[in-house]
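Reader: I have a new model on my screen and would like to learn how to read it. Could you walk me through some features?

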Amino acid sequence: MYPAKFENLIAAFRRLPGVGMKTAERYAFEALNWDEETRKEVERSLQQISEIHTCRICGNLCDEDECEYCKDPNRTDHLICIVQSPKDLQALESAGVFNGKYHVLNGTINMAKGVLPSDLNIDTLIQRINENIDEVILATEPTVDGETTALYLTKLLQGKVKVTRLANGIPMGGHLDYSDARTLQRAFQGRTNAQSE
Ligand SMILES: [Zn+2]
């Protein structure tokens with residue numbers, strides 16, 4: 001047995017996905033070699049985990065009340081782009097294809113895994129839809145779950161607001177965060193009215 005505090009460190013690393021006992025042990029030894037500055041930086045980041053939460057308006061990751069995109073006065077309020085994760089939001093931002101507001105679902109509908117619409121950030125989306133919104137763009141990923149979610153949202157929002165879906169530039173089963181900027185740009189520009197069938 002190692003000293004208890006070192007065992008705790010190993011146990012902490014083991015919580016990460018894909019990290020087994022041997023790897024956690026290696027990480028823990030590595031951490032012992034960090035210089036003071038690095039160690040303090042890591043300690044500070046871990047202490048601040050509880051300060052990271054979701055934006056009260058859009059559901060994006062944020063460490064204040066509202067995220068930087070919701071607060072940005074240079075972005076149009078008339079367009080809302082719906083993404084399934086903060087990672088996808090970042091992918092669209094890096095591609096520079098959209099200058100409206102976002103809404104992050106934080107998941108997709110998956111009946112087999114028991115993920116229902118009520119588990120997603122949909123209630124606040126409905127609250128955001130008013131006469132000010134010209135268009136809602138569905139940018140969920142072209143996977144079975146992403147399509148199921150897009151279909152559900154299309155039915156839910158139809159009649160309330162114009163709903164469009166990204167064009168099929170992204171290959172089926174592909175991920176927005178792995179798509180290059182040009183592909184995302186084309187998918188965005190070629191968006192079409194969402195079909196509810
Ligand atoms: Zn926000």
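Author: Gladly. One term before we begin: helices here are DSSP runs of H or I with at least four residues, numbered from the N terminus. Keep in mind that this is a predicted model.

Reader: Which residues of helix α5 are buried?

Author: Buried means under 20% relative accessible area. In α5, which spans residues 86-95, the buried residues are Pro86, Asp88, Leu89, Ala91, Leu92 and Ala95. Their cover includes the strands β2 (61-62), β3 (79-83) and β4 (101-104), along with the helices α4 (68-71) and α8 (181-189).

Reader: How should I read the sides of a helix such as α8?

Author: An α-helix has 3.6 residues a turn, so residues three or four places apart point the same way. Now the case at hand: Thr183, Leu184, Ala187 and Phe188 are buried in α8. They lie on the same side of the helix, because the arc they cover around the axis is only 130°. On the face turned away from that buried side you find the exposed residues Arg182, Arg186 and Gln189.

Reader: What do the buried residues of α8 pack against?

Author: They pack against β3, α5 and β5 (135-138). Have a look at the start of α8 too, where a side-chain oxygen of aspartate 180 comes to within 3.2 Å of the backbone nitrogen of arginine 182.

Reader: Is threonine 164 buried or exposed?

Author: The cut-off for buried is under 20%. Threonine 164 has 3% relative accessibility, so this residue counts as buried. Threonine 164 sits in strand β6 (residues 162-165), and its side chain makes a polar contact of 2.7 Å with the side chain of glutamate 135. Beyond its neighbours within four places in sequence, threonine 164 has contacts that include Val136, Ile137, Arg191 and Thr192.

Reader: And how would I read a loop residue, say asparagine 99?

Author: Asparagine 99 lies in the loop between α5 and β4 and counts as partly exposed because its relative accessibility is 45%. Leaving out residues up to four places away in sequence, asparagine 99 touches Asn74, Arg75 and Thr76. Its side chain reaches the backbone oxygen of asparagine 74 at 3.2 Å.

Reader: Which residues form a nonpolar patch on the surface?

Author: Tyr2, Phe29 and Leu32 do, with about 290 Å² of accessible area together. Of these, phenylalanine 29 belongs to helix α2 (residues 21-32) and, at 40% relative accessibility, counts as partly exposed.

Methods. Residues are numbered from 1 along each chain as its sequence is written. This is a predicted model: local features need pLDDT of at least 70, side-chain atom pairs count only at pLDDT 80 or more; totals for chains, interfaces and linings use all residues. Side-chain values use heavy atoms; hydrogens and water are left out. Helices (H or I, at least four residues) and strands (E, at least two) are DSSP runs, numbered from the N terminus. Buried means under 20% relative accessible area, exposed over 50%, partly exposed in between (1.4 Å probe, protein chains only). A polar contact is a pair of N or O atoms within 3.5 Å; within protein, one must be able to donate a hydrogen and the other to accept it, and residues adjacent in sequence count only if both atoms are side-chain atoms. Contact means heavy atoms within 4.5 Å. Patches are made of residues with over 30% relative accessible area and no salt bridge: like charges are joined within 9 Å, nonpolar side chains (Val, Leu, Ile, Met, Phe, Trp, Tyr) within 5 Å. Accessible areas come from the Shrake-Rupley method with a 1.4 Å probe; for residues, only the protein chains shown count as cover. A salt bridge is a side-chain nitrogen of Lys or Arg within 4 Å of a carboxyl oxygen of Asp or Glu. The arc is that of the directions from the helix axis to the C-beta atoms.
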